[in-house]
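Student: I have a structure open and want to go through it. Can we start?

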Amino acid sequence: MNPEPTTLNDQNRLGQLLVALFQGVLYRDTDSALWQPLMDLQARVRDYGATIGLELILDEAEGYAYLRQRPAVVGEPELPRLIQRRQLSYPVSLILALLRKKLAEFDATGGDTRLVIDRDQIAEQVRLFLPQTGNEARLLDRMDAHLNKVVELGFLHRLRGQDNQFEVRRILKAFVDAQWLADFEQRLSGYATHAASGEEEA
């Protein structure tokens, strides 16, 4: 086990890391100033998180880290939930499903590590599973609202100076796992049925 931080600098770095992780996901490419301190102090971050029911999820290969609620242990009292579950609307869930499938296909090509996709490409895929509408402008307005939500959740990153270009963040793989992806076709069948009903959630 690493020794406890003994210098003010170590304590400050640990504090900065914890605050940043409480606020959201850390990425190696965009949070480079915090990434090395995380590598140095990850044992301390894990120890601190464990005291309040959180665990550090760190993927060095993909370059991201975040805190999540530790699964309940049988026989132990359950701590209050610090990280709340979010109920996602149908369109947002659909976008995440399609992006996850796109990311798997992209990784299978063995090329670049950054998947960049534009708004029209996403809209073209999503429209197949949304109720048909004759109002294209309204559809795109709603699409922008859904995409903004996906950006807010941290699964898409809007490229600077290119509002309609997005990088798919690789942390999506941690939230939409392989088993979920294996059931993708069945899920899409359900989405298609949903679209046929002519109802769309906000």
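This is a predicted model: local features need pLDDT of at least 70, side-chain atom pairs count only at pLDDT 80 or more; totals for chains, interfaces and linings use all residues.

Tutor: Residues are numbered from 1 along each chain as its sequence is written, and side-chain values use heavy atoms, with hydrogens and water left out.

Student: How many helices and strands in the protein chain?

Tutor: Eight helices and six strands, taken as DSSP runs (H or I, at least four residues, for helices; E, at least two, for strands) and numbered from the N terminus.

Student: And what percentage of the residues is buried?

Tutor: 38% of the 202 residues, with buried meaning under 20% relative accessible area (1.4 Å probe, protein chains only).

Student: New topic. Arg169: where is it?

Tutor: Arg169 lies in the loop between strand 6 (162-168) and helix 6 (172-175).

Student: Buried or exposed?

Tutor: Arg169 is buried, because its relative accessibility is 6%. Its contacts (heavy atoms within 4.5 Å) include Tyr27, Asp29 and Phe155.

Student: What about helix 3 and helix 4, at what angle do they pack?

Tutor: About 110°, with axes 10 Å apart, for helix 3 (residues 90-108) and helix 4 (residues 119-126). The axes are lines fitted to C-alpha atoms over the stretch in contact, and angles run from 0 to 180 degrees between N-to-C directions. Helix 3 is therefore roughly perpendicular to helix 4, a label for 65 to 115 degrees.

Student: Which residues meet there?

Tutor: Leu94, Ile95, Leu98, Leu99 and Lys102 of helix 3 meet Ile122, Gln125 and Val126 of helix 4.

How values were computed
Buried means under 20% relative accessible area, exposed over 50%, partly exposed in between (1.4 Å probe, protein chains only). Angles under 35 degrees count as roughly parallel, over 145 as roughly antiparallel, 65 to 115 as roughly perpendicular and the rest as oblique. Lists of a residue's contacts leave out its neighbours within four places in sequence.
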